Amino acid sequence: MKWLARLAKLALLPVLVWLAGLAAFALLGINGLFAGPNPVFVIARVTAYVTVVVVATVTTAFVGVFGLACGAMLSWLCESLDRRRIVDTMSRSFWSLAAYVWLGVASLVLDPPVALTAFEMSEADALEARVRETTAFGWMGRLRYLALLGFLATAGCLLARYTRPLNALLAVSFASAALAALLTALGLLAGPSVGH
Amino acid sequence: MGCFFGAVVLLVVGLAAGVGIAEWISAMPAQSPLPVGADRPLLAAGPARRVEEPVGWDLFAFILRRNMTVFLILLLGVVSAGLVTIVVLLGNGLAVGQLIGFARVSGMSQVDVAYLLLPHGVLELGALCVAGAVGLRGIPLAFGISAIERSSFAALRLGTVLVFGLGALAGAAGVEAFVTVGIAESLRSK
């Protein structure tokens, strides 16, 4: 039981729980949608796995940017906060995202997606339609802002333990704005896909 | 210099894996991707939609925007202990490797593949490796997080790297949009 208590104190535990949930969600979702030995499905599965890994790491980078912006604002507000505390706060804020992905895993187990046929793979909108039809994906789409709000609220509450609450609120607001600006800039730069 | 070498190694590893995956997929027993069932006429989806492909300056802008996005995401390794950089470099290598692998499997000669990739690829992948080298410096930054100062970020010379990246990727996009397309057309008409 000692190792369990030590594990619970580990700052990175929420990130690991989130990663495990994301891996389970990706496995269930991707293998459910693209099932079969046909090379078309194999290519789709490989592409989807690579995409999930990229999404996971880019999410950690965005949280890094968020933490950096929080630290910059707190330093501007003359708060002397140890950098490790910011890392710890960002890491613990992942509990909200971890709960979100595990909820997705549970709904995928209860209502797994119907596999696409090889014929449907050639249709442009078939994947989008199947994702819309699957209850789990629909709920994940609806709940994403709630998970994000949970993340921001957790980060704010944890920062408020070490700084003045108003400064913590300002830091989280500034970091949210900075992250939104970065996401918008990247989205505008990448632009729409060809043919859409 | 060590980080640049690391970025090149990651890209090459991804490239080799991509070629391997392409050959593994091609070695699978061939199946028709479009089995037509008795209840499903062949043209059930209606006439194929014509996808408008950008050409000329539109293609140049499209390529430059996409590559600049990848360039910026590679730089995010600075704030993610190099994780994003490692994954994106491997992923890009994997994509290029798959392209080379499938081209080889479909009977395209290695010289033709080189004609299509090298003119813009050297500049493009070189610029991405420079961004990768900066992103990989996030690893030592993460290990010494208590000692991070404003000067730690200033030492990365992000402004210079961004200007270099924009210039190199604009050059690569120009070559790809106006030279590589011409080479592809001449190869198609062979």
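User: Where in chain A does A:Leu10 lie?
Analyst: A:Leu10 lies in the loop between α1 (2-9) and α2 (13-33) of chain A; helices (H or I, at least four residues) and strands (E, at least two) are DSSP runs, numbered from the N terminus. The model is predicted, and local features need pLDDT of at least 70, side-chain atom pairs 80 or more, while totals for chains, interfaces and linings use all residues. Residues are numbered from 1 along each chain, chains are lettered from A and ligands numbered from 1 as written, and side-chain values use heavy atoms, without hydrogens or water.

User: Why is A:Leu10 called partly exposed?
Analyst: Its relative accessible area is 38%, and partly exposed lies between buried (under 20%) and exposed (over 50%), with a 1.4 Å probe and protein chains only. A:Leu10 is therefore partly exposed.

User: What makes A:Cys78 exposed?
Analyst: A:Cys78, in the loop between α3 (39-76) and α4 (83-92) of chain A, has a relative accessible area of 70%, so it counts as exposed. Its phi is positive, near 65°, although the residue is not glycine.

User: Why is the pair of A:Trp18 and A:Phe94 called tilted?
Analyst: Rings of Phe, Tyr and Trp (its six-membered ring) pair with centres within 6.5 Å; planes under 30 degrees apart are stacked, over 60 edge-to-face, the rest tilted. Here the centres are 4.9 Å apart and the planes at 55°, so the pair is tilted. A:Trp18 in helix α2 and A:Phe94 in helix α5 (residues 94-110) of chain A are 76 residues apart.

User: How do you know that A:Trp18 is buried?
Analyst: A:Trp18 has 4% relative accessibility and therefore counts as buried; A:Phe94, at 3%, is buried too.
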